[in-house]
Amino acid sequence: LARACAYAFARFARCEADVCDAIDAAARAAQRRLLAELDLRAEADNLLQAHKLLAPLAEDILIPAPLAPRFCSANVLTMDRVDGIRSDRGAAALNLDADARAAVARKLIRACAFMLVELGWFHADLHAGNVLLLLDRPDSESEERGREPRQLRLALVDHAGYVRVPAELRHALIEAAIGGGALRGGAREDLARLLMRDAGEDAARRKER
């Protein structure tokens, strides 16, 4: 359908041949991407990968784990249940004040930075419906002992689309952040160590060749 629409538009607009070819190529790319996202086995693989790679952020970010492979197929994806509220509705529903909202935003930004800079593998569909707010409440025993409830967490869902970030782009972003002067604490040193780590891995790969 996308290709047919693109072809009809190109003919109607009387585009040059190279423009028509470019429109058709874009439509083909969209077609391939859509077909890939409709295969839920790929999403199950992404979900499992994200569950493992984002484990260092588990205190703030929940990635539901897929169930056993026998419960997943090209048409069915089964994962852990997540009880949450869409992020664009959760702040009001949970009566979060400005400080709590800012804390939630920082957790999401941290997760995005971790995926982009540390992993080079980024969730490509982070709209409000795919970012859920979870309020982990204490059990009755904890309440009796006067313990505070655990902090508000986020859950990321819909893992059909991920983007690989080229190493050159990652390094350029890191260098821009280091040189921008806006980093606080040990963030500058952490990013510098990432660059050194990647440089060491590149050198090791070249040596193996």
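**Exercise 1.** Which backbone nitrogen does a side-chain oxygen of D97 reach at the start of α5?

Solution. The model is a predicted one, in which local features need pLDDT of at least 70 and side-chain atom pairs count only at pLDDT 80 or more, while totals for chains, interfaces and linings use all residues. Residues are numbered from 1 along each chain as its sequence is written, and side-chain values use heavy atoms, with hydrogens and water left out. At the start of α5, the side-chain oxygen of D97 comes to within 3.2 Å of the backbone nitrogen of D99.

**Exercise 2.** Describe helix α5 from its length to its burial and its end.

Solution. Helices here are DSSP runs of H or I with at least four residues, and strands are runs of E with at least two, numbered from the N terminus. Helix α5 (residues 98-119) has 22 residues and spans 31 Å from its first C-alpha to its last, close to the 32 Å expected at 1.5 Å a residue, where the expected span is 1.5 Å times one less than the number of residues. Next, the buried residues of α5 are V104, K107, A111, C112, F114, M115 and V117; buried means under 20% relative accessible area, with a 1.4 Å probe and protein chains only.

**Exercise 3.** Determine how strand β4 is placed among its partners.

Solution. Begin with burial: four of the five residues of β4 (residues 131-135) are buried, so this strand is largely enclosed by the rest of the structure. Then take the pairing, for which DSSP must find at least two bridges between two strands. Strand β2 (residues 85-86) is joined to β4 by two bridges and runs antiparallel to it, with I85 opposite L133. Five bridges join β4 to strand β5 (residues 152-156), again antiparallel, and here L133 stands opposite L154.

**Exercise 4.** Find the aromatic pair and state what it links.

Solution. Rings of Phe, Tyr and Trp (its six-membered ring) pair if their centres lie within 6.5 Å, and planes under 30 degrees apart count as stacked, over 60 as edge-to-face and the rest as tilted. Searching the whole structure gives one aromatic pair. It consists of W121 and Y162, stacked at 3.9 Å centre to centre with 15 degrees between the planes. Because W121 lies in strand β3 (residues 121-123) and Y162 in strand β6 (residues 162-164), the pair ties together parts that are 41 residues apart in sequence. Both W121 and Y162 are buried.

Definitions and conventions
Buried < 20%, exposed > 50% of the residue type's maximum accessible area, 1.4 Å probe, protein only. Polar contact = N/O pair within 3.5 Å; in protein donor to acceptor, adjacent residues only side chain to side chain.
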